Amino acid sequence: MSVENAPVVDVDEAAIPVEKKMYYRFESNDKKEFRVSELAIQQSETLNRLVEAMGYTSEDVENKPAIAIENIDGKTLKLVFQWCEHHKGEAIPVDDGSVPKIVEIPEFDAKLMDIDNGLLFKLIWAADYLNIVQLLNVSCKKVANMAQGKTPAQLRRVYLLPSDEEDEAAKRAAQEAQDPRAREVEEEFEERKRQGGNSFF
Amino acid sequence: MRFRPYGSQVGEDVVFEFPFLNLPEKAAKNVTRMLDTENMFIFSLCSRVCRKHVTSVYRPALRFLSVAIERRGLNFKIALNNQDIFVYIGYNRMNPPAPPYWIQVKFPNGEKHLRNPNWSHRELIRHFMRVFNQELVGFVSRESIISGVNLNYLCHIFKGSKFKDFQWSYPELTSERCRLINSILPKKFNPRCGLSTEVKRNLLIQHYESLSLYTPTKLNLDDLLVTNATELNYNGFWTDKDWNRFLKLWIGMANIRVKTLKFFYGGNQIDDDVFRGIPHRIMGPEESKEIVLDGESITVRNVRFILRKDGVEAMVSVYSRWHQFIFVVCDDES
C-alpha cells in the first residue's frame with residue numbers, strides 16, 4: 001500500500017505519553033557547567049556510555065553534582081556541546097576506510113570552527129576523547145584543508161613539522177638526557193678509534 | 001614569529017601554524033586520509049615521519065611506477081588509476097654526487113618545483129616505492145641516456161631497489177652497462193637491442209623470473225642449456241630438429257630450472273618431427289587447456305605432454321594467435 005493511500009487516523013496528541021526530555025549536567029575542568037540534552041549526548045560514544053552506566057533519573061540529574069569532564073576546558077566543551085545539540089538525532093557515520101576520505105563541512109560546522117588554531121586543536125582532542133565521530137571528521141577536514149596548494153617547505157611551517165635533521169637532533173638530545181653515561185661512552189669510543197685501537201673492550 | 005602562508009591575501013581568513021604531530025593518532029590518520037593525492041604526495045616529502053604517516057594509510061590504486069634512466073636525471077611516471085604524476089630528479093656529475101636540490105613534479109593541474117628534503121637519489125627512489133607501494137618498471141631507451149653517466153653511481157643508487165620489469169631498448173648493452181642490470185637484477189628483463197655473445201651469456205646465467213631476447217641476438221641449444229631464468233622468451237626461430245634435441249635433453253634432466261619457454265614458431269600446430277623418438281601423450285582433438293602466460297589466461301589446443309625422468313610433466317603446444325611455440329613445465333600450480 002502506498003503512503004498516499006494509507007488510511008488517515010485522527011490521533012489525540014494529548015493521550016500520547018510525552019517522554020520528558022532529560023538534560024544532563026556536565027562540568028569542565030575550569031568549573032563551567034553545561035546542560036546537554038539526552039539526544040545530543042548520543043553523538044558522543046564516551047558520554048553516552050557514561051550516562052548509561054550512571055543510570056541517572058531526572059531527579060538525580062538535578063540533585064547530584066554535575067558530571068566532571070576533567071581534561072576539557074569550558075571554551076572547548078561549549079563548542080562540543082553546541083555541535084552535539086545542532087546535530088542531535090543524526091546518524092553516526094561509519095568509516096569505510098576509503099582514501100581519500102571524503103568529508104563535507106556543513107555551513108553550521110564551518111561557522112562553529114571559525115576559531116583560532118589553538119582552539120581547533122583542543123576541539124580535535126576533545127572530539128577524540130569524547131569519541132564524537134562526525135565532529136572529529138569535520139575538524140580534521142579543516143586541518144586537511146590547510147594543506148591545499150602548499151609546497152613541502154610551506155607545509156612544514158603550517159603543520160609545524162620538524163625536518164629529518166631536527167628530528168634526529170631531538171632524538172639524540174632525548175637519548176642523552178635519558179642516559180648521560182652514553183655520551184661519555186661514545187666519546188671514549190671515538191677517542192680509542194682515533195688512537196687506532198680495534199677493540200673497545 | 002607568525003607568518004602568512006604563501007598565496008594568501010592580507011585580511012583573508014588565513015591558516016597559521018597547526019601542531020599536526022601533536023594530534024591524537026586517530027585524528028592524525030584522519031587528516032592524512034583526507035588529503036588528495038597531490039597533497040598526500042607533497043606531505044610525504046616533508047620528512048621521514050610524514051612519509052610514515054602517509055604509508056600507514058595510503059593504499060593507492062596504481063597501474064605502474066616507472067623510472068626512465070636518462071643522462072641528466074631520472075624520470076618517474078606514477079600511473080595512478082585516475083591520474084598520472086611525473087617526477088623528474090636530476091643528478092649532477094659532481095664527485096661524489098650530491099643530492100638533488102629540487103624535485104620537479106608534474107601534477108594533472110600544474111607543475112611544481114619542490115625542495116628536496118636533503119634526501120639522496122637512493123632514498124628518493126625508495127621513497128616513491130614506499131609511498132606508492134609498488135615495485136619499479138625501468139627503462140633505458142635513448143642514446144643520450146647512458147653515455148656520460150657515472151655507471152658506478154647508478155649502480156649505487158639502484159642497488160637493492162626492486163624492479164619488476166626492466167626494458168633496455170637503446171643504446172647497445174655492453175658488458176660494462178650490464179653491471180647496472182646485474183646490480184638491479186629485475187624480475188623481468190627485456191633487452192630489446194642486439195647482444196654480443198659475452199653479454200648474452202652474462203644475462204642467461206642470471207636468475208631472472210623472465211628474460212626476453214630478440215633477434216638479431218642468436219640463441220642456440222647450448223645457450224638454452226645454461227639459462228637460469230625461469231621463463232625465456234625469444235622472437236627468433238628454432239627448427240623442429242632443435243626442439244627435438246632440447247626436449248630429449250630435458251627428459252634426461254638437462255636444465256630443469258627453466259619452467260616456461262615461448263619462442264617464435266611459424267606453423268599453427270606442432271610438426272611431428274619435433275617429437276620424433278620422444279614418447280608423449282596427445283590431448284584429444286576436442287580438448288583444450290587453459291594456461292596463464294604474462295598474466296593473461298590463454299586457451300591452447302593440440303597439446304602434447306612429455307614426461308621427465310623424475311616424473312615431472314611438461315606440455316608443449318603452439319599458441320597460434322601469437323605464433324608461439326610454448327613449452328610449460330606442469331607443476332601443482334599450473
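Select A:Ala147 first: leaving aside residues up to four places away in sequence, A:Ala147 touches A:Leu155, A:Tyr159, B:Leu35 and B:Asn39. Contact here means heavy atoms within 4.5 Å. This is a predicted model, where local features need pLDDT of at least 70, side-chain atom pairs count only at pLDDT 80 or more, and totals for chains, interfaces and linings use all residues. Residues are numbered from 1 along each chain as its sequence is written, chains are lettered from A and ligands numbered from 1 in the order in which they are written, and side-chain values use heavy atoms, with hydrogens and water left out.

**Stop 1: around A:Ala147**

Stay on A:Ala147. It sits in the loop between α7 (133–145) and α8 (152–158) of chain A. Helices (H or I, at least four residues) and strands (E, at least two) are DSSP runs, numbered from the N terminus. Is A:Ala147 buried or exposed? A:Ala147 is buried, with a relative accessible area of 1%. Buried means under 20% relative accessible area, exposed over 50%, and partly exposed in between (1.4 Å probe, protein chains only). A:Ala147 and A:Ser163 are 16 residues apart in sequence, and their C-alpha atoms are 17 Å apart in space.

**Stop 2: domains and annotations**

Colour chain A by domain. The domain assignment gives domain 1 (9–152) and domain 2 (164–194). Such bounds come from an automatic or database domain assignment. The centres of the two domains of chain A, taken over C-alpha atoms, are 46 Å apart.

Next, select residues 134–178 of chain A. An unreviewed UniProt entry places "domain: SKP1 component dimerisation" there. UniProt positions are given in the numbering used here, feature names are shortened, and annotations may be inferred rather than shown by experiment. This span is 76% helix and 0% strand, and its end C-alpha atoms lie 40 Å apart.

**Stop 3: where the chains meet**

Show both chains. The contact takes 39 residues from chain B and 42 residues from chain A. The size of an interface is often given as the accessible area lost when the parts come together. About 3,600 Å² is buried between chain B and chain A, and carbon and sulfur atoms give 64% of that area. Buried area is the accessible area (1.4 Å probe) that two parts lose on being put together, summed over both. Select B:Phe18, B:Arg33 and B:Met34. In chain B, these lose the most area to chain A, together 22% of what that side buries.

Which salt bridge does A:Asp95 form with chain B? A:Asp95 pairs with B:Arg33, the closest N and O atoms being 2.8 Å apart. A salt bridge is a side-chain nitrogen of Lys or Arg within 4 Å of a carboxyl oxygen of Asp or Glu. Three salt bridges are found across the interface of chain B and chain A. The elements that give two or more residues to the chain B side are α1 (25–34), α2, α3 (48–57) and β5 (110–115) of chain B. The largest share, six residues, comes from α1(B).

**Stop 4: two helices of chain B**

Select α1(B). Seven of its ten residues are buried, among them B:Ala27, B:Val31 and B:Arg33. What covers the buried residues of α1(B) includes α6 (117–129) and α7 of chain A, together with α2 and α3 of chain B.

Then select α2(B), residues 37–44. Eight of its eight residues are buried, so the helix is largely enclosed by the rest of the structure.

**Stop 5**

The whole structure holds 25 salt bridges over all chains. Select A:Lys122 and A:Asp73, whose side chains meet in one (3.1 Å, N to O). A:Lys122 is in helix α6 of chain A, while A:Asp73 is in the loop between β3 (67–68) and α4 (74–86) of chain A, 49 residues apart. A:Lys122 is partly exposed at 42% relative accessible area. A:Asp73 counts as buried at 18%.

Return to A:Asp95. Its side chain also meets that of A:Lys101 in a salt bridge (3.4 Å, N to O). A:Lys101 is buried, at 8% relative accessible area, whereas A:Asp95 is partly exposed at 44%.

Finish with B:Arg304 and B:Asp272. They form a salt bridge with the closest N and O atoms 2.8 Å apart. B:Arg304 lies in strand β15 (residues 304–307) and B:Asp272 in the loop between β11 (260–264) and β12 (281–282) of chain B, so the pair ties together parts 32 residues apart in sequence. B:Arg304 is buried at 10% relative accessible area, and B:Asp272 is exposed at 52%.
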